[in-house]
Amino acid sequence: PTDSPTPSPTPTPSTVRTPDGESLGVVDHELTRSNEGSDSELVSVDAVIENGSKSAVTDVRAVARFFDEAGDVLDRSEARTSRLAAGGRWEVELVYPGSGADARAVADYQLVVERDD
């Protein structure tokens, strides 16, 4: 037997959506935790969004929806950027609004990137 952690199956909500026909893409994303097991435990979605087009895009919004083990939505967090340069990357951290036991209840997330036109 080993002491290495066993990966748990990922519930279905873990998806990334970007605008159809756009060259916006999520090149990296993950659920991160800090201060695990404490009353100040925090959870967030860290993502890198890339503009693969040859022109700048404006009014980009990233929304993370946080789910519990049963797949129910617990809460959401969002961030916006007014301009993403051609070929540019936007590193964004979407922090779950709760902490401690509330943050520990987060089991999965859905990340949606969209334009506010």
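1. Confidence. The model is predicted, and its chain averages a pLDDT of 86, with 81% of the residues scoring at least 70. Residues 1-14 have a pLDDT below 50, and this stretch has nine contacts in the model beyond near neighbours in sequence. Where pLDDT is low, the predicted coordinates should not be read in detail.

2. Overall make-up. The chain contains seven strands and one helix. Read from the N terminus, the order of elements is β-β-β-β-β-β-α-β. Of the 117 residues, 34% are buried. The accessible surface amounts to about 6900 Å², and carbon and sulfur atoms contribute 43% of it. Among contacts with a separation of 6 or more, 66% are between residues 24 or more positions apart.

3. The three-stranded sheet. Strands S2, S3 and S6 form an open sheet in the order S2-S3-S6, with antiparallel pairing. S2 (24-34) and S6 are the edge strands; each has a single partner, so one side of each lacks a neighbour in the sheet. On average, neighbouring strands of this sheet are turned by 15 degrees against each other, direction ignored. The antiparallel pair S3 and S6 is joined by seven bridges, and Ala 47 has Val 92 in S6 as its bridge partner.

4. Strand S4 and its partners. S4 runs antiparallel to S5, to which it is joined by 10 bridges. In this pairing, Arg 65 has Arg 76 of S5 as its bridge partner. The two strands form a hairpin with five residues between them, and Gly 71 in the turn has a positive phi of about 90 degrees. S4 is also joined to S7 by eight bridges, again in antiparallel fashion; here Phe 67 stands opposite Asp 108 in S7. Eight of the 11 residues of S4 are buried, so the strand is largely enclosed by the rest of the structure.

5. The largest nonpolar core. This core has 21 residues, and those touching the most other members are Leu 24, Ile 49, Ala 62, Phe 66, Trp 90, Val 92 and Leu 94. Two or more residues each come from S3 (42-51), S4 (57-67), S5 (73-84), S6 (89-95) and S7 (108-115). S4 gives the most, with five residues.

6. Surroundings of Ala 62. Which residues are in contact with Ala 62, leaving aside its neighbours within four places in sequence? They are Ile 49, Ser 77, Glu 78, Ala 79, Trp 90, Val 92, Leu 94, Leu 111 and Val 112.

7. Backbone points to inspect. Most residues other than glycine have a negative phi. Asn 35, in the loop between S2 and S3, has a positive phi near 55 degrees. Its relative accessibility is 43%, so Asn 35 counts as partly exposed. Asp 59 also has a positive phi, near 55 degrees, but this residue is found in strand S4. With a relative accessible area of 36%, Asp 59 is partly exposed.

Definitions and conventions: Residues numbered from 1 in each chain as written. Predicted model: local features only at pLDDT ≥ 70, side-chain atom pairs only at ≥ 80, totals over all residues. Heavy atoms only, no water. Core = buried A, V, L, I, M, F, W, Y, C linked by side-chain atoms within 4.5 Å. Buried < 20%, exposed > 50% of the residue type's maximum accessible area, 1.4 Å probe, protein only. Helix = DSSP H or I, 4+ residues; strand = E, 2+ residues; numbered from the N terminus. Contact = heavy atoms within 4.5 Å. pLDDT = per-residue confidence, 0-100. Pairing = 2+ DSSP bridges. Axes fitted to C-alpha atoms, helices over the stretch in contact; angles between N-to-C directions. Areas by Shrake-Rupley, 256 points an atom, 1.4 Å probe, with all protein chains shown as cover.
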